[in-house]
Amino acid sequence: VADGVNAILVGKIGGFENPLALVGGNCSIQGFDVDGNDEFWTVTGDNVCSLALCDFNSDGQDELLVGSEDFDIRVFKEDEIIAEMTETEAVTSLCPVRETKFGYALANGTVGVYDKTARYWRIKSKNHAISISSFDLDSDGVPELITGWSNGKVDARSDRTGEVIFKDNFSAAIAGIVEGDYRMDGKVELICCSVEGEVRGYLPATQEMKGNLMDCNIEQDALRDLALRKQNLLLELKNYEENSKVGKGVSDVDQSQMGIIPANTQLQTSLLVNPGSEQVQPHVELSISTTNDTIIRSVMIFAEGVFEGESHVVHPLPQNTKSTMSVPIYPPKDVSVDLHIKAFVGNKTSSQFHVFELTRQLPRFTLYIPCPEGYAEPQSTVSFHINERVNRTIMWLNQNFLLTEEIQPKNGSLDVMFLSLRTGNPLVIRMDQNGDMVIKTDDMDLAGDIIQAMADFLGIEDLHATADFPAHMEELRAVLVKVDELHSVRQKLTAEMADHSNLIRSLVVRAEDARLMADMKNMRKGYMELYDLNRDLINGYKIRCNNHTELLACLKTVNQAIQKAGRLRVGKPKAEVISACRQAIKTNNVNGLFKIIKAGVL
């Protein structure tokens with residue numbers, strides 16, 4: 001497999017009758033049948049880290065789950081993407097749990113369970129999850145998510161809550177988790193292996209254990225938890241009673257010292273794009289304020305993939321007496337994010353504070369502003385037709401871009417120009433009353449993101465588009481020429497290595513003959529030639545390694561170009577474009593490839 005191999009899975013996918021060996025590599029996924037024929041091929045956004053099969057949409061056929069280095073989990077119905085979930089790190093492991101549920105693990109130590117596109121739960125550890133699997137360990141008829149960690153811990157978590165129902169520790173990091181009848185007694189065990197070769201097997205719980213795998217008294221644990229909750233509630237009640245007693249017969253000044261705030265106090269938020277300056281990066285400014293003279297003592301914001309560690313805490317200076325606070329947010333990608341905000345609010349002299357909680361959504365395309373004058377329109381375009389009203393497209397724009405004023409139609413049509421604050425490049429979106437649309441941008445990725453997001457909002461199942469990206473095409477042409485050069489160098493190096501190998505055999509035989517005949521002069525001469533040849537082989541190997549690394553990088557660029565061309569279409573036209581591009585590359589039809597990317601497959 002020229003694209004490299006990162007993950008392998010064997011199973012039936014979609015409508016294929018026979019099982020396939022599915023291979024995830026350098027931005028590509030291939031499926032081979034029992035005879036080694038290439039029966040299935042598609043591209044994905046980045047290097048594949050993990051593969052799993054799961055009946056994602058309950059249609060009786062397994063879909064292919066693909067985790068990649070660009071933090072995405074993609075669901076393929078044969079070669080068509082039917083769902084996409086963005087995570088906060090590279091997706092290192094995937095496994096089916098039951099029905100439409102599947103488990104996942106990330107490179108940053110996060111483990112969790114999805115049900116279709118909705119995340120059920122997740123936990124985060126300072127250790128890395130090496131392997132995940134599903135196994136019914138407590139014999140309740142529902143499999144648990146089993147995780148093997150880099151510190152040697154193995155735990156089983158409920159697929160519903162994420163609660164640990166069993167754990168064990170190895171002396172070294174876990175290497176892998178499988179299941180099988182290891183003792184050949186008809187009972188399937190969960191088998192865990194460490195990197196030092198220690199193997200342990202776990203049988204499912206017996207009926208007598210009643211699902212209690214932790215050797216603890218469940219009733220006592222429940223009583224302890226309830227007692228702790230009771231203590232917290234009594235403490236909270238005591239605070240309320242003291243505040244109400246003091247509040248009845250004291251002045252407003254004393255009330256404010258106790259932390260009592262007006263009953264009509266509300267927390268208000270607003271989002272505004274800051275274009276930045278020479279000293280300040282472009283960002284989104286989150287403004288948080290109260291509706292009266294109360295002040296904000298601290299704010300905690302939880303948002304996936306935006307902050308390092310996923311949470312951000314802001315403490316104003318102690319002398320701060322303002323009822324507003326601004327928090328800069330730097331979205332790394334064009335993805336909609338929920339901002340979960342918690343604010344501590346009180347009076348200027350308060351010793352106790354009220355916690356306000358609210359959620360605000362950051363639109364998908366945030367770092368874009370209406371384009372100032374002086375910018376030329378981009379040369380690259382994508383044009384297509386949709387059976388929708390202009391007003392519906394404008395509604396999508398107003399929801400997905402962070403604008404100070406809502407876009408309004410001009411003479412029944414749409415014509416807007418934005419400036420990307422990340423790249424400094426303009427973006428033009430036009431639509432006439434007939435449903436003909438044109439998107440102008442030199443960023444092929446951005447054009448694909450806009451088309452996919454708009455198709456999702458408008459419920460478009462099939463969309464054919466014509467694309468013209470001259471700069472991208474020239475880059476791709478240069479890469480394809482380089483791929484040919486690297487292939488020819490690789491073949492030449494392989495031939496040289498084969499010649500050297502044959503020469504080594506004859507030199508070894510001659511040198512050993514000379515040694516047996518006590519001909520030290522010729523023996524020394526033979527081994528000196530062997531030494532020189534060996535050095536040449538090592539140098540040749542280094543050149544081969546560098547050649548292979550460059551070839552993989554070029555193949556990745558080619559596969560990503562096909563993926564970008566596919567994202568400019570939706571549904572069946574998308575799958576046809578990817579398939580036709582693959583065929584054009586197989587037959588080395590470069591001009592045909594460019595025509596397919598430009599015009600699609602009609």
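**View 1. The area buried between domain 2 and domain 3 is about 700 Å².** Buried area is the accessible area (1.4 Å probe) that two parts lose on being put together, summed over both. Carbon and sulfur atoms give 66% of this area. The model is predicted: local features need pLDDT of at least 70, side-chain atom pairs count only at pLDDT 80 or more, and totals for chains, interfaces and linings use all residues. Residues are numbered from 1 along each chain as its sequence is written, and side-chain values use heavy atoms, without hydrogens and water.

View 2. Domain 2 brings 11 residues to the contact and domain 3 brings 7 residues (heavy atoms within 4.5 Å).

**View 3. Arg-422 and Asp-334 form a salt bridge.** The N to O distance is 2.7 Å. The term requires a side-chain nitrogen of Lys or Arg within 4 Å of a carboxyl oxygen of Asp or Glu. Between domain 2 and domain 3 the count is 1 salt bridge.

**View 4. Phe-166 and Tyr-202 make an edge-to-face pair.** The structure holds 11 aromatic pairs. Rings of Phe, Tyr and Trp (its six-membered ring) pair if their centres lie within 6.5 Å; planes under 30 degrees apart count as stacked, over 60 as edge-to-face and the rest as tilted. Here the centres are 5.5 Å apart and the planes stand at 70°, so the pair is edge-to-face.
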